[in-house]
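Welcome! Keep the sequence and the model open while you work through the exercises below, and try each task before you read its solution.

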Amino acid sequence: MVDNTRQVHVNAFSGGSIHVKGVGRVFSNPDGNDIVALNNATLDVNKGEFVSLVGPSGCGKSTLLRLIAGLDTPTGGELFLDEEKITGPNYERGLVFQDPTLFPWLSVKANVASGLVARKIYHQNKHLVSEYIKLVGLEGFENSFPHQLSGGMAQRVALARALVNHPKVMLLDEPLGALDAFTRMQMQDEILRIWQNRNTTMLLVTHDIDEAIYMSDRIVIMTPRPGKIQQVLNVEIGRPRRRNDQDFFRIRSKILEMLHFAREETLSYYL
Amino acid sequence: MALNRAESTAENVLLQEESVPDNNAAAKSRLKILTFIPLITLAIDFILHIALPNTQMSGINKSYDTVLVIVWIIYTGAILLSIKVKSIVDKINHKAPFFLAISIFIGIWDLVTLKLGWLELPYFPGPDKVLGIFTEDWAVLLKSTFYSLRLLLVAYLIGVSSGLLSGITMGWSKTINYWVMPILKVIGPIPATAWIPIAMVVFPTSFAASIFLIVLAVWFPVTVMTSSGISNVRNSYFEVAKTLGADEKYLIFKVAIPASYPSIFIGLFMGMGSAFLTLIVGEMLGVKAGLGWYINWAQGWAEYSKVYAALIVIAFIFSSLLTSLFRIKDRVLSWQKGLIKW
């Protein structure tokens, strides 16, 4: 199953740990009704760990991810990457949105290269571009433009574009949300493969509980009004995982219960 | 992983199919009968011109006859060539109805002016007179064209550069936007030609004055479209770029500007249109050279054939400039879907 030709032989990278310490984010409204998007969140993500944030809309999972990315500043608390305080966006924390947000004026190759160009290290690292295009399985599409790509392919380019910078942490904000079910499962395996190859710390925001269970070491369950971390759950299933495992269903119903979605009948069905 | 490969190859095939030209259609195509008719109508034009007596006063001028013969030879040549070179058959078939319409039009033009005199001199000269200007007065016409082109290009380039500069800085900086926007809103909508009386006094030469007017005419649309393009760039492009390690310079030059190209090009087209207008009006009213001046001057002598000749030159030049701008746009915006064709 492991296709060696598509591995990237770079050992220079390692994951980083994320520390979220009592972080809150309040959006103040002009009419005086402040919205607490995130309340007093505390979370530690270890080096090389795969952690998912799940919960219904408005639970603050995307807010938390944006705070870690440095695209937003907390109204309370502090965030750290390893020992360094997060004050703004940085290439060490790579980000992939649900919308691939490829630069439409650049070819696939130039999109993947854009991080290296932005950091002015492109000329020393040209070889990385084709390596990462290969890693995500897009050989032959180097000169295509984003509008010629399917949703799945575009998301692969977005992944390669973030990975080429060797980020310590990959922040994935529902990256597979817009894909069809089959492409989605296939991309889940691709992301896992990349993660296992490289030991990057992964933080995934998703609506999809199955996706979270299939991929994560730990699942952070969040609830809305105000957005907060409800519970953190260990996924103690060996890898590679199977989507129809008994343990899989057990964890699934546990999460549904925590989110108050489980009714008696459905629970007994899964158990 | 097998699935993934399958997806890739399927996409590959799709992309290739789009790029392969349709060879089969070219092999089948033949010259249509309609394609030969312009040869007959051109011959009729020629015979009518030679055989019928003139009603309008006419100088000794063989330019119309000569042009008809040359066009006839070129057209026949193209048809003969298409027997050897199959790829131009479709092109000739496609253009033939248009040539036919043109040949009928100039035949009628010749009839209603020179031959029948239904349209009267000096306002409606026949094709022989208008074409004759290109052989009689070519030196003045050429010089005028040169002056117009020089003025237009110099001023357009200055206008575009200043428009891009102010548009980009306004789109990027709130402070600059605060100070420049009110000026833009008040000064911008004034047609540049309204400044002619002032420009003629303030500037030492009429050349400098017309440069100023055209620059003003180009600057306004380019600034507006550039700044609105930049301020409408999707915020997520900037966010992604920042998480990729972009500094402010990268955000401006590699994100904001390329993302605004579609809007910037609209500004460049609008600017070119108002540059044409300002150029000709400026030359008619103040400058003592150029095609606008030539038209005005010819009108003063009631030499309308020169007016028509100058109009033909203007049409040719302006159309070529617009076409070049479209070509540049297609190049730069090749990444965009659904381009407007010219």
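**Exercise 1: Chain B from end to end**

Of the 342 residues of chain B, 32% count as buried, where buried is 20 or more other C-beta atoms within 10 Å of a residue's own, exposed is 12 or fewer, partly exposed is in between, and C-beta atoms are placed from the backbone. This is a predicted model, in which local features need pLDDT of at least 70 and side-chain atom pairs count only at pLDDT 80 or more, while totals for chains, interfaces and linings use all residues. Residues are numbered from 1 along each chain as its sequence is written, and chains are lettered from A and ligands numbered from 1 in the order in which they are written.

Task: How many helices and strands does chain B have, and into which domains is chain B divided?

Solution. 
1. Take the helices (DSSP H or I runs of at least four residues) and strands (E runs of at least two), numbered from the N terminus. Chain B has 14 helices and zero strands.
2. Domain 1 covers 27-128 and domain 2 covers 138-332.
3. Finally, the C-alpha centres of these two domains of chain B are 38 Å apart.

**Exercise 2: Where chain B touches chain A**

Task: How many residues does each chain bring to the contact, and which helices of chain B supply at least two?

Solution. 
1. Count two residues as in contact if their C-beta atoms, placed from the backbone, lie within 7 Å. Chain A brings 31 residues and chain B brings 24.
2. On the chain B side, α1 (2-19), α11 (235-243) and α12 (248-285) each supply at least two residues.
3. Sort that side by class: 13 residues are nonpolar, six polar and five charged. Here Ala, Val, Leu, Ile, Met, Phe, Trp, Tyr, Cys and Pro count as nonpolar, Asp, Glu, Lys and Arg as charged, and the others, Gly among them, as polar.

Notes. Domains from an automatic or database assignment.
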